[in-house]
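Subject: A structure for you to look at

Hi,

Here is the structure I promised to pass on to you. Please open it beside this email, and then read on for what I found in it.

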Amino acid sequence: QVQLVESGGGLAQPGGSLRLSCAASGLTFSAFVMSWYRQAPGKERELAATITAGGIINYADSVKGRFTISRDDPKKIMYLQMNSLKPEDTAVYYCNALYDYGYLNYWGQGIQVTVSS
């Protein structure tokens, strides 16, 4: 029933931009902490950005100043605006929804982002 669907990935040049979207269904979106994780080949999954139900935002140092996370609760969509892209940003990006109280944790299928010249 619960679904998180990422879109907007693909290929970008270094210095370019992409905007990822995560469309949620089957959950009370406004009550969840929403996050973007990413995993590069051969590396562990890392938390790139998170935004709480109250709008508190945190970024990994590696993306701070370049990426912007946001959420549209009426539309049940979370976004990740990625600017000044670097080859090191190449990874599969995953949408995550977390509800701590009565623990619920959901993942999207992931979407590829490739930054290359």
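Let's start with E88, which sits in the loop between β8 (77–82) and β9 (91–99). E88 is exposed, because its relative accessible area is 58%. The cut-offs are under 20% relative accessible area for buried, over 50% for exposed, and partly exposed in between, with a 1.4 Å probe and protein chains only. Between the C-alpha atoms of E88 and A49, which are 39 residues apart along the chain, the separation is 16 Å.

Before going further, please keep in mind that this is a predicted model, in which local features need pLDDT of at least 70 and side-chain atom pairs count only at pLDDT 80 or more, while totals for chains, interfaces and linings use all residues. Residues are numbered from 1 along each chain as its sequence is written, and side-chain values use heavy atoms, with hydrogens and water left out.

Is D89 buried or exposed? D89 also lies in the loop between β8 and β9, and it is buried because its relative accessible area is 1%. Leaving aside neighbours within four places in sequence, D89 is in contact (heavy atoms within 4.5 Å) with R38, R66, F67, S84, V113 and V115. S84, one of those contacts, belongs to the loop between β8 and β9 as well. Its relative accessibility is 41%, so S84 counts as partly exposed. Its phi is near 50°, a positive value in a residue other than glycine.

In β8, 5 of the 6 residues are buried, so the strand is mostly covered. Two strands are said to pair if DSSP finds at least two bridges between them. On one hand, β8 runs antiparallel to β3, joined by 6 bridges; L20 has L80 in β8 as its bridge partner, and C22 has M78. On the other hand, 6 bridges also join β8 to strand β7 (residues 67–72), again antiparallel, and here S70 is partnered with Y79.

The hairpin of β7 and β8 has 4 residues between the strands, and in it K76 takes a positive phi near 55°. K76 is a residue other than glycine. It counts as partly exposed because its relative accessible area is 30%.

β3 (residues 18–25) has another partner: strand β1 (residues 3–7) pairs with it in the antiparallel sense over 5 bridges. There, L4 has A24 as its bridge partner.

The hairpin of β9 and β10 has 4 residues between the strands, and G102 in it has a positive phi near 80°.

Finally, the chain as a whole. How many helices and strands are there? The chain has 0 helices and 11 strands. The radius of gyration is 14 Å, close to the 13 Å that the globule rule gives for 117 residues, so the chain is as compact as a globular protein of that length. The radius is taken over C-alpha atoms, and the rule is 2.2 Å times the number of residues to the power 0.38. Along its principal axes, the C-alpha trace spans about 45 × 25 × 25 Å.

Buried residues make up 38% of the 117. Of the contacts with a separation of 6 or more, 54% are between residues 24 or more positions apart.

Happy exploring!

Methods
Helix = DSSP H or I, 4+ residues; strand = E, 2+ residues; numbered from the N terminus.
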